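Subject: Structure handover

Hi,

Here is the structure I promised to send over. Have a look at it first, and my notes follow below.

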Amino acid sequence: MRLKFLREKKNMTQQRLAIELDMNQNTISRYESGKRQADYATLIKIADYFNVSIDYLLERTNNPQRYKDL
């Protein structure tokens, strides 16, 4: 998942992102390390926060645009 890349691009700490998404910092860390996978609702929340498609977030495409933005 591109979560770490997107977070660092905004110069955010894991703790700050966790607060923004109403999550635990350990959960963010586990997503970034691949030790845990986000559920569907969480993927939507993260993609919406960074304004990217879920496919981009999951590295299925290199185009960050969401379908509705095309």
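A quick definition before anything else: I call two residues in contact when they have heavy atoms within 4.5 Å. With that cut-off, and leaving aside neighbours within four places in sequence, I54 is in contact with L43, I44 and A47.

Please keep in mind that this is a predicted model, where local features need pLDDT of at least 70 and side-chain atom pairs count only at pLDDT 80 or more, while totals for chains, interfaces and linings use all residues. Residues are numbered from 1 along each chain as its sequence is written, and side-chain values use heavy atoms, with hydrogens and water left out.

Overall picture

The protein has five helices and zero strands, taking helices (H or I, at least four residues) and strands (E, at least two) as DSSP runs numbered from the N terminus. The order from the N terminus is α-α-α-α-α. Its radius of gyration is 11 Å, close to the 11 Å that the globule rule gives for 70 residues, so the protein is as compact as a globular protein of that length. That radius is taken over C-alpha atoms, and the rule is 2.2 Å times the number of residues to the power 0.38. The C-alpha trace spans about 35 × 20 × 20 Å along the principal axes.

Of the 70 residues, 34% are buried (under 20% relative accessible area; exposed is over 50%, partly exposed in between, with a 1.4 Å probe and protein chains only). Looking at contacts between residues at least 6 apart in sequence, 41% join residues at least 24 apart.

On charges, the mean positions of the 13 positive and 9 negative ones are 3 Å apart. Lys and Arg count as positive and Asp and Glu as negative, without His and the chain ends; each charge is placed at NZ of Lys, CZ of Arg, CG of Asp or CD of Glu.

Helix 2 (residues 14–21) buries Q14, L17, A18 and L21. These cover an arc of only 105 degrees around the axis, which puts them on the same side of helix 2; the arc is that of the directions from the helix axis to the C-beta atoms. As a reminder, an α-helix has 3.6 residues a turn, so residues three or four places apart point the same way. The cover over the buried residues of helix 2 includes helix 1 (3–9), helix 3 (25–33) and helix 4.

A18 is worth a click: its relative accessibility is 1%, so it counts as buried. Beyond residues up to four places away in sequence, A18 touches M23, N24, Q25 and I28. Just after helix 2, D22 has a positive phi of about 55 degrees.

In helix 3 the buried residues are T27, I28, Y31 and E32. They fall within an arc of 135 degrees seen down the axis, so they line one face of helix 3. Helix 1, helix 2 and helix 4 are what they pack against.

T42 sits in helix 4 (residues 40–50) and is buried at 11% relative accessible area. Apart from neighbours within four places in sequence, T42 contacts M23 and Y31.

Back to I54, which belongs to helix 5 (residues 54–57). I54 is partly exposed, with a relative accessible area of 26%. I54 and Q14 are 40 residues apart in sequence and 20 Å apart in space, C-alpha to C-alpha.

Cheers
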